[in-house]
Amino acid sequence: MPAVTPGVDADPNRKILLAAPRGYCAGVDRAVDAVEKALEHYGAPVYVRKEIVHNKFVVETLTKRGAIFVSETDEVPEGARVVFSAHGVSPQVHAEAAARQLQTIDATCPLVTKVHKEAVRFANGDYDILLIGHDGHEEVEGTHGEAPDHIQVVNGPHEVDTVEVRDPDKVVWLSQTTLSVDETMETVDLLRKRFPNLQDPPSDDICYATQNRQVAVKKLAPECDVVIVVGSANSSNSVRLVEVALEAGAKAAYRVDKADEVDPEWVKDAQTVGLTSGASVPEILVRDVVTKLGELGIGRVEEVRTATEDIIFSLPKNLRADLKKAGYQPDRPHKVREPKGR
Ligand code: SF4
């Protein structure tokens, strides 16, 4: 747990409640590690399709080491090496990469791959699949691409009334992995009112890391004058943590990318400040916020732990095989290192 370094006027009665678990999940850890290991082993440049994970600091850090982030595979030179991000890609993207003879490293989180497989299985059974998620999010695009003729995206409770299916007795819902659990269940309840035989996914699609971070923030939020969530604006699970904190009773909640975005006005009268971070956020950024809050007069830190996580995913298969051939034993889990000169 990061220690607070109180400023001169810090008050020991004012405290930070630090959520645990917070920050990196197993899928993010693996994806970032895959890019770093690829850079070390094959040398720069290594191309990465989309942001490897939705965090500005991570993307900037990897860019400094030689990763080149692109929007689509047609920006990658023929035959070059490209990493697919943790959010997953559709079969069409795999096909485009193969057509350009790209050497792919697929860092799709195994928990996203699980949802892809569910989509394929239900599409093969000719179900209408209602994919609860945010249109335009990379993960939703990837899952949708597995069975575009069978999947329709439902953005939330407000879209339930417009859903149309071919056979109301052959409908299943799946979801993006990083949604609010409560809002998703609200959407499902409304869908079930329309389609009483709506089938549930075989197991939770909202992943363990998303759920654990929401449970932890719910526990501390009622005690907090303000909750600060560290995470980027395009990080779905970070944005959800702000909403969950407010719904759970925090008087205010804000998202910041990094410590210098913390507005002293937010905490000037606060006795208790909740602090957490999204699943794509390195711990160094949380430590920076703790330091800043210390400077702003918050005298101590207490951790609020609601779960312990020990999940680790192994590196993508082809990268692992190449590293093994070179006699390299990857040490995992891995945490993003600070760039030089920070
Ligand atoms: S948030 Fe969940 S689904 Fe997304 S990368 Fe992390 S573990 Fe995987």
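Modeller: Let's start with a term: two strands count as paired if DSSP finds at least two bridges between them. Please keep in mind that this is a predicted model.

Biologist: Thanks! Which residue of β7 is the bridge partner of L131?

Modeller: V153 in β7 is the bridge partner of L131. The two strands concerned, β6 (residues 128-132) and β7, pair in the parallel sense, over 4 bridges.

Biologist: What is the strand order of the open sheet?

Modeller: The order is β7-β6-β8, an open sheet of 3 strands with parallel pairing. Its edge strands, β7 (151-154) and β8 (171-175), each pair on one side only. On average, neighbouring strands of this sheet are turned by 30° against each other, if direction is ignored.

Biologist: Which strands does α4 touch as it packs on the sheet?

Modeller: Helix α4 touches β6, β7 and β8, and its direction makes about 165° with that of β8.

Biologist: Now to strand β2. Which of its residues lie on one side, and which on the other?

Modeller: In β2 (residues 46-49), V46 and V48 are on one side, while Y47 and R49 are on the other. All of them are buried, and both faces of the strand are covered. Strand β2 is also joined to β3 (residues 67-70) by 4 bridges, and the two run parallel.

Biologist: How should I read a nonpolar core, and which residues touch the most other members here?

Modeller: The general idea is that nonpolar side chains tend to be buried together in soluble globular proteins. Here the largest nonpolar core has 98 residues, and I52, V83 and A245 touch the most other members. Helix α1 (residues 26-42) gives the most to this core, with 7 residues. To see one of these spots in detail, select V83: leaving aside residues up to four places away in sequence, V83 touches A34, V35, A38, V46, V48, I52, I105 and A107.

Biologist: And the ligand? Which residues come nearest?

Modeller: There are 15 residues around the ligand, and C25, G27, C109, T177 and C207 come nearest. Elements giving two or more residues to this shell are α1, α4 (110-124) and α7 (208-220). The largest share, 3 residues, comes from α1. By type, the shell has 10 nonpolar residues, 5 polar ones and no charged ones.

Biologist: What about phi at K50 and Q101?

Modeller: Neither is a glycine, yet phi is positive in both: near 65° for K50 and about 50° for Q101. K50 is in the loop between β2 and α2 (56-65), whereas Q101 is in the loop between α3 (91-99) and β5 (103-106).

Note on methods: Residues numbered from 1 in each chain as written. Predicted model: local features only at pLDDT ≥ 70, side-chain atom pairs only at ≥ 80, totals over all residues. Core = buried A, V, L, I, M, F, W, Y, C linked by C-beta atoms within 7 Å. Buried ≥ 20, exposed ≤ 12 C-beta atoms within 10 Å, placed from the backbone. Contact = placed C-beta atoms within 7 Å. Near = placed C-beta within 6 Å. Nonpolar A, V, L, I, M, F, W, Y, C, P; charged D, E, K, R; others polar. Axes fitted to C-alpha atoms, helices over the stretch in contact; angles between N-to-C directions.
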